Amino acid sequence: MQEDIDARVQAYYGSEFDEQRRLERPAGRLEMARVRELVAPLLAPHSTIVDIGGGTGVHAQWLAEAGHHVTVVDPVARHVEIAAQIPGVEATMGDARSLMLESNSCDAALLFGPLYHLESRASRVQALREAARVVRPGGTVFGAVIPRWAVYTDSTTTLADGASVPDEIHHILDTGESHPQAHFPGAHFHTSTELAAEMEEADLEVVQLAAIEGPGGLPLEFVAQADDSTIDAALTLVRAIGHLEGPREMSPHLMGIGRRR
Ligand SMILES: C[S@@+](CC[C@H](N)C(=O)[O-])C[C@H]1O[C@@H](n2cnc3c(N)ncnc32)[C@H](O)[C@@H]1O
């Protein structure tokens, strides 16, 4: 149930997991670099941006430094407190399903988190509709999801010798739904087709579906350190093939970019 997932989101990000340091790891450095190169070119100077599920403000920070006006909305108090300390960033408690923001008040919305923490299709479309409502007509909504096939790779390090693929993995592959006992409070793992349909239903024209990290992100998830040239190699790879359907389904994260009609 979504109430259980919301409670697990609070516990996970409130005390168990240090979200602020997530993007310092090798896969996170790749994620950060790629998000920046997908998002930045589509923003006009001095844009007004809402970062929904913006966590501790990792993206709000570089956006504010680039001269944009950024508001972070997040349900976790610890995240909001950290984000509010970033110069030029406003931060407020809130939920992607019901934003306390005026319609047409932003040029762009980031939705990097809520779509994989919301269980039902209706609530994900609701979150996308809310993002679309607060951006002006022609404004851009950037949404991140976790592709369902990439989840499979977790088994590479956890399957015992000779064991078969666990039932919960089959369940995710068949339905996109997470296992209720999984440590990460992920609620839904998308295919890119599914993400596109949810965006369309929220009245967003799909402009682009692109792998964030691409297949090179998967090996980087399993190493503690990587030099800059390795991150650059993964970036080169994802720039070349991250728009193709097969590779983008094997990326740790996938971004849908939509324009409000
Ligand atoms: C993995 S973090 C991502 C943080 C940041 N946006 C990034 O891209 O690095 C997921 C974020 O989604 C937030 N979140 C979870 N459920 C949400 C909801 N229903 N509405 C808004 N944010 C939510 C969490 O609190 C957390 O900050």
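This is a predicted model: local features need pLDDT of at least 70, side-chain atom pairs count only at pLDDT 80 or more; totals for chains, interfaces and linings use all residues.
By class, how many residues of the shell around the ligand are nonpolar, polar and charged?

View 1. The shell holds ten nonpolar, seven polar and three charged residues. Of the 20 residues around the ligand, those that come nearest are Gly 53, Gly 55, Ala 96, Phe 112 and Gly 113. At least two residues of the shell are supplied by each of helix H1 (2-16), helix H3 (58-65) and helix H5 (114-117).

**View 2. The open sheet.** Seven strands, with mixed pairing, are arranged in the order E3-E2-E1-E4-E5-E7-E6. Strand E3 (89-93) and strand E6 (204-211) each have a single partner strand, so one side of each is left without a neighbour in the sheet. From one strand to the next, the twist averages 15°.

**View 3. Strands E1 and E4 with helix H6.** Strand E1 (residues 48-52) pairs with strand E4 (residues 106-112) in the parallel sense over four bridges. Ile 49 is placed opposite Ala 108 in E4. H6 packs on the sheet and touches E1, E4, strand E5 (135-145), E6 and strand E7 (254-260). The direction of H6 makes about 145° with that of E5. Among the buried residues of H6 are Arg 124, Leu 128 and Ala 131.

**View 4. The surroundings of His 188.** His 188 lies in the loop between helix H9 (167-175) and helix H10 (192-201). His 188 counts as buried because 24 C-beta neighbours lie inside 10 Å, the cut-off being 20 or more. Not counting residues up to four places away in sequence, His 188 touches Tyr 116, Leu 118, Glu 119, Arg 124, Gly 176 and Glu 177.

Conventions: Residues are numbered from 1 along each chain as its sequence is written. A residue is near a molecule or strand if its C-beta atom, placed from the backbone, lies within 6 Å of it. Ala, Val, Leu, Ile, Met, Phe, Trp, Tyr, Cys and Pro count as nonpolar, Asp, Glu, Lys and Arg as charged, and the others, Gly among them, as polar. A residue is buried if 20 or more other C-beta atoms lie within 10 Å of its own, exposed if 12 or fewer, and partly exposed in between; C-beta atoms are placed from the backbone. Two residues are in contact if their C-beta atoms, placed from the backbone, lie within 7 Å. Two strands pair if DSSP finds at least two bridges between them. Axes are lines fitted to C-alpha atoms, for helices over the stretch in contact, and angles run from 0 to 180 degrees between N-to-C directions.
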